[in-house]
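I opened this notebook to keep track of what I looked up in one protein model, entry by entry. I wanted to begin with the whole and then work towards single residues.

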Amino acid sequence: MEKNLQIQYINETYKKLDILGNSQGLETWLVKNNHTGKLFVLKETMPELEEIYKTLQTFTNRNLVTIYETFKSDGKFIVIEEFVSGETLEDIINSGNSSRQIVLDIIKQLLEVLIFLHGINIIHRDINPKNILVSTDGIVKLIDFGIARKYKDNSVRDTTILGTAGFAAPEQFGFQQTDGRSDIYSVGILFHLLLSGKIPEGNKCLDIQYKDFIQKCISLEPSMRYQSALEAYTALIPAATADKTRPVYNKPDCSPYCLPGFRSNTKWKKILAISFYIIIAIYILGSLIECFKTPTSFLLEFIALSLYTVLAFIIATDYGKWTFRIWPFSFFNQSLKIFIRIILFMVVFYYGFTLEEYIRYTMIGLPRPK
């Protein structure tokens, strides 16, 4: 039943305009939302990639396309993602319109998004010119997570040998497990291609200025490469780490289960959040003590507080990105999700507060405030 509803929703909501790609029976389409008129990309992927795309759906990053909706259908996993107006890096290379400054900015943005991805334990494994979009406003977008995987501590090697010849690290061909250093290898190859127009032969770099950087990236032995994307970023652009006026990279500060106020490293937000949570904790504790007259009154007070403080908080802040995880909310667009959250918050808060008033002033007989 749920499957049929999902297929019906897709067919009613999105109109296919043009096929963008077809690989092993998995199609990628440019589609239009029939209700809003906006363009999106509908991508069919393997079911094994569900965890990857579900994880990406809970985050936003300027160097990744936004994932709006995901579905299961006929043995495939379908992703509705942002449509980006621009051109692939392959097109830019073929046109010859890439100065050294543009190349450096592209590599910088790639390393920034890899810091983000590796921070949430995702390895792309297929960084090449076809999988990189540059938007009309100059933002690099890393796309196509068709062979992405999550690093597993106890794994000796990858279960599937995949990768684009010339760009894939040696360990992707069965020698050992891939990790973040495999993506760094691909970035080194890509950087050399952008600078010289050629894939490096062996470990030899033709560019004098970035020779040491590239050769370290493309070392055959992972232990000889930069050990993280942040280390590579810092080595490539030392001035960026010294610039205190803006963030160096788009690092995910924590998971979607972080409490509001602790989702960034901003000190004043943390201080304000701590103060707020302490006040709420004192209020909840005081209310429970005040209503600890009988086991029933205590239990009902606990339920009331859970409704209009805890549950209302979860609804208002979309804690844990529940609107992306719970059916049918995951089908709705962002505006509708916000509207639903507001309505649910008001309902839960009202009934929780009403229940508490009944407990205090009717059941226990506490005096009403004047």
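The entries below go from the whole chain to its sheets, a cavity and a few residues.

**Entry 1: the whole protein**

I noted before anything else that this is a predicted model. I then looked up the secondary structure, which comes to 12 helices and 10 strands. Of the 370 residues, 43% count as buried. I also looked up the accessible surface, which is about 20,100 Å², with 60% of it belonging to carbon and sulfur atoms. Among the contacts with a separation of 6 or more, 56% are made by residues 24 or more positions apart.

**Entry 2: the sheet of five strands**

I followed an open sheet of 5 strands and wrote down their order as S1-S2-S3-S5-S4, with antiparallel pairing. Which strands stand at the edges? They are S1 (14-23) and S4 (67-73), and because each has a single partner strand, one side of each is left without a neighbour in the sheet. From one strand to the next, the twist averages 20°. As a reminder to myself, strands of a sheet pair through backbone hydrogen bonds, either parallel or antiparallel.

As one example, lysine 16 has valine 31 in S2 as its bridge partner. Helix H2 (residues 50-57) lies across S3 (39-45), S4 and S5 (76-82), and I found that it runs at about 155° to S4.

**Entry 3: the sheet of three strands**

Another open sheet has 3 strands in the order S6-S8-S9, and here too I found the pairing to be antiparallel. S6 (86-88) and S9 (140-142) stand at its edges with a single partner strand each, so one side of each has no neighbour in the sheet. The twist averages 25° from one strand to the next.

S6 pairs with S8 (residues 132-135) over 3 bridges in the antiparallel sense, and glycine 86 stands opposite serine 135 in S8. I also saw that helix H4 lies across S8 and S9 and runs at about 40° to S9.

**Entry 4: a residue in H4**

Having reached H4, I picked out leucine 104, which has its place in this helix. Is leucine 104 buried or exposed? Its relative accessibility is 18%, and because buried means under 20%, leucine 104 counts as buried. Not counting residues up to four places away in sequence, leucine 104 touches Phe191, Tyr210 and Leu236. Leucine 236 is 132 residues away from leucine 104 along the chain, yet their C-alpha atoms are separated by 8.9 Å.

**Entry 5: the cavity**

I searched the whole structure for cavities of 30 Å³ or more and found 1. The largest cavity has a volume of about 120 Å³. It is lined by 15 residues, and those closest to its centre are Leu56, Leu64, Val65, Ile67 and Phe145.

**Entry 6: two positive phi values**

Asparagine 121 has a phi of about 65° and lies in the loop between H4 (100-119) and strand S7 (122-123). At 31% relative accessibility, asparagine 121 counts as partly exposed.

Aspartate 318 has a phi near 55°, and its place is the loop between helix H10 (295-317) and helix H11 (322-325). With 7% relative accessibility, aspartate 318 counts as buried.

Note on methods. Residues are numbered from 1 along each chain as its sequence is written. This is a predicted model: local features need pLDDT of at least 70, side-chain atom pairs count only at pLDDT 80 or more; totals for chains, interfaces and linings use all residues. Side-chain values use heavy atoms; hydrogens and water are left out. Helices (H or I, at least four residues) and strands (E, at least two) are DSSP runs, numbered from the N terminus. Buried means under 20% relative accessible area, exposed over 50%, partly exposed in between (1.4 Å probe, protein chains only). Contact means heavy atoms within 4.5 Å. Accessible areas come from the Shrake-Rupley method with a 1.4 Å probe; for residues, only the protein chains shown count as cover. Two strands pair if DSSP finds at least two bridges between them. Axes are lines fitted to C-alpha atoms, for helices over the stretch in contact, and angles run from 0 to 180 degrees between N-to-C directions. On a 1 Å grid over the protein atoms alone, a cavity is a set of points where a 1.4 Å probe fits but cannot get out, and a pocket is an open set with protein on both sides within 12 Å along at least five of seven lines; lining residues have an atom within 4 Å of a point. Grid points are joined across faces, edges and corners, and a volume is the space filled by probe spheres set on the points.
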